[in-house]
Amino acid sequence: FPADVPSLPALKRIEWWHHNFASRTGGINRLQDVLLLAPNLEYLSLAGEMWPDALDRGSIVLPKLKVLRVRGINAMFVRQLSMWSLPSLTHIVVDTMPHPFALVTLWECLGERAQCIELGRNMYFLTGDYLLMAFHSCPKVQELNYYVFFVMHPRFSRTHRFPSLKRVRLNAKPNFSITQHLKCIQLHLHAYSKDVFPALEEIVLMGEEWHSYVNDPGFPSIEAVVRARGITVRTNTDVRIPFFGLCSLS
């Protein structure tokens, strides 16, 4: 049936779940056809697995796209992204990457452009040191956002040096598989030092969940170590907006 796409010059945000059989019908059911008629897009969220017959080697140019959010896409989908022109892309949100090589491929294709990275609230990120992987692949990243109980604490060594990072934002949404909460917080906060991140200015504790942790008798000693390194620790416990999209490069 006809599924033509109208011109969408005012469209700024798309949330898209790719479906291979639907994509074959083209038009409004096919991502590439929609993007060609949405030149002013600023935010794009992608999910689903792309099969080889859905790949398109045509030219997709999104000159104003700033934020890309990926939700379980496969490596084939990432390869499709690598063929697009995204000159304004600075912010990459990764909800989850269930395919073993998809995240590696994503950083290989787009890591050089990332100035802000966010990792989602997903147990997947507890299975490996995905923060260290991101820093190795994203040399320009200035801000890092993640859920402290859903991401393995990074293991930086003295040989590591990442000079661009300025800010880390941590969210404390609960993960009921984690029992030693204060120990987990300590491992994350103490992982950051000026030796590895010479430009790091602050660690921001985001969300009202931090109330119970910052008031714990053991928290001041953890915080003191970070402050002694010349890194500010501040709380923003009254935030009422979702964690995703908090990136600010100002």
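Reader: Which elements do the buried residues of α4 pack against?

Author: The buried residues of α4 pack against β3 (67-71), α3 (75-82), β4 (91-96), β5 (116-119) and α5 (130-137). Helices (H or I, at least four residues) and strands (E, at least two) are DSSP runs, numbered from the N terminus. This is a predicted model, in which local features need pLDDT of at least 70 and side-chain atom pairs count only at pLDDT 80 or more, while totals for chains, interfaces and linings use all residues. Residues are numbered from 1 along each chain as its sequence is written, and side-chain values use heavy atoms, with hydrogens and water left out.

Reader: What makes helix α4 mostly covered?

Author: Seven of the nine residues of helix α4 (residues 102-110) are buried. Buried means under 20% relative accessible area, exposed over 50%, and partly exposed in between (1.4 Å probe, protein chains only). Among the buried residues of α4 are Leu103, Trp107 and Cys109.

Reader: Why is the protein chain called as compact as a globular protein of that length?

Author: The chain has eight helices and nine strands. Its radius of gyration is 20 Å, close to the 18 Å that the globule rule gives for 250 residues, so the chain is as compact as a globular protein of that length. The radius is taken over C-alpha atoms, and the rule is 2.2 Å times the number of residues to the power 0.38.

Reader: What makes the pair of Asp95 and Arg69 a salt bridge?

Author: The term requires a side-chain nitrogen of Lys or Arg within 4 Å of a carboxyl oxygen of Asp or Glu. For Asp95 and Arg69 the N to O value is 2.9 Å, so the pair qualifies. Asp95 in strand β4 and Arg69 in strand β3 are 26 residues apart.

Reader: Why is Arg71 called partly exposed, and Asp95 buried?

Author: Arg71 has 34% relative accessibility, so it falls between the two cut-offs and counts as partly exposed. Asp95 has a relative accessible area of 13%, which is under 20%, so Asp95 is buried. The side chains of Arg71 and Asp95 also meet in a salt bridge (3.5 Å, N to O).

Reader: How do you know that Glu143 and Arg167 are buried?

Author: Glu143 has a relative accessible area of 1% and Arg167 has 12% relative accessibility; both values are under 20%, so both residues count as buried. Salt bridges that share partners join Glu143, Arg167, Arg169, Glu202 and Arg234 into one network.

How values were computed:
Contact = heavy atoms within 4.5 Å.
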